[in-house]
Amino acid sequence: MSDDLLLNPRTNTNGTNNLTKWRRSISKSDIKSERIKFIGEDSIKVDNGVWRSLDGTRQFRVVESDYFGRHGIGSPLVPNTPHVHFEFLGMPNTGGNKLKVLKNVHVPLK
């Protein structure tokens with residue numbers, strides 16, 4: 001995978017499978033350890049609140065609006081829910097320059 005693709009903070013979310021794990025929640029104090037478990041110790045920060053595994057297959061995201069619950073998650077939508085994202089990535093479509101988010105798992109914060 002090229003560095004340009006790996007380091008591009010933009011992703012393609014067309015067709016993403018969005019899931020919400022209501023039976024699981026993580027505390028705000030455990031965010032860093034959960035990120036490391038999911039994407040590894042040697043991950044790279046590609047943007048504010050966005051880290052990616054070195055192989056480009058997984059991404060952990062918790063931007064300010066997620067952390068403070070400025071929007072909802074789930075279907076039906078539960079408004080104002082603080083959460084993090086565990087994302088599974090795939091290669092872009094032919095000619096594309098953004099990794100594709102295949103699955104986005106929302107996990108609420110306690």
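Visitor: What should I know before we start?

Guide: This is a predicted model, in which local features need pLDDT of at least 70 and side-chain atom pairs count only at pLDDT 80 or more, while totals for chains, interfaces and linings use all residues. Residues are numbered from 1 along each chain as its sequence is written, and side-chain values use heavy atoms, with hydrogens and water left out.

Visitor: How many helices and strands are there, and what makes a stretch count as one?

Guide: The protein has 3 helices and 7 strands. Both are DSSP runs numbered from the N terminus: a helix is H or I with at least four residues, a strand is E with at least two. From the N terminus on, the order is α-β-β-α-β-β-β-α-β-β.

Visitor: How do you know whether the radius of gyration agrees with a compact globule?

Guide: The radius is taken over C-alpha atoms, and the globule rule is 2.2 Å times the number of residues to the power 0.38. For 110 residues a compact globule would have a value near 13 Å; the protein has 14 Å, so the two agree. Along its principal axes, the C-alpha trace spans about 40 × 30 × 20 Å.

Visitor: Why is Glu 41 called exposed?

Guide: Exposed means over 50% relative accessible area, buried means under 20%, and partly exposed is in between (1.4 Å probe, protein chains only). Glu 41 has 64% relative accessibility, so Glu 41 counts as exposed. Glu 41 sits in the loop between α2 and β3 (44-47). Its C-alpha is 8.7 Å from that of Ser 53, which is 12 residues away in sequence.

Visitor: And what makes Arg 61 partly exposed?

Guide: The relative accessibility of Arg 61 is 21%, so Arg 61 counts as partly exposed. Arg 61 belongs to strand β5 (residues 58-61). Contact means heavy atoms within 4.5 Å. Leaving aside neighbours within four places in sequence, Arg 61 has contacts that include Asp 66, Glu 87 and Asn 104. Asn 104 is 43 residues away in sequence, with 9.8 Å between the two C-alpha atoms.

Visitor: Which residues make up the largest nonpolar core, and why is it called a core?

Guide: A nonpolar core is a set of buried Ala, Val, Leu, Ile, Met, Phe, Trp, Tyr and Cys residues joined through side-chain atoms within 4.5 Å. The largest one has 12 residues, among them Ile 31, Ile 39, Trp 51, Phe 60, Val 84 and Phe 86. The elements giving two or more residues to this core are α2 (31-39), β6 (83-90) and β7 (99-108), and α2 gives the most, with 3 residues. In soluble globular proteins, nonpolar side chains tend to be buried together. Not counting residues up to four places away in sequence, Phe 60 touches Ile 31, Ile 39, Trp 51, Val 84 and Phe 86, among others including Arg 35. Of the protein's 110 residues, 42% count as buried.

Visitor: What is found in the loop between α3 and β6?

Guide: Pro 76 is one of the residues in the loop between α3 (64-67) and β6, and a cis peptide bond with omega of about 10 degrees joins Ser 75 to Pro 76. Asn 80 is also in the loop between α3 and β6, and has a positive phi of about 50 degrees although not a glycine. Most residues other than glycine have a negative phi, and most peptide bonds are trans. Leu 77 lies in the loop between α3 and β6 as well.

Visitor: How do you know whether Asn 80 and Leu 77 are buried or exposed?

Guide: Asn 80 has a relative accessible area of 56%, so Asn 80 is exposed. Leu 77 is at 58% relative accessibility and therefore counts as exposed. The C-alpha atoms of Leu 77 and Asp 3 are 36 Å apart.
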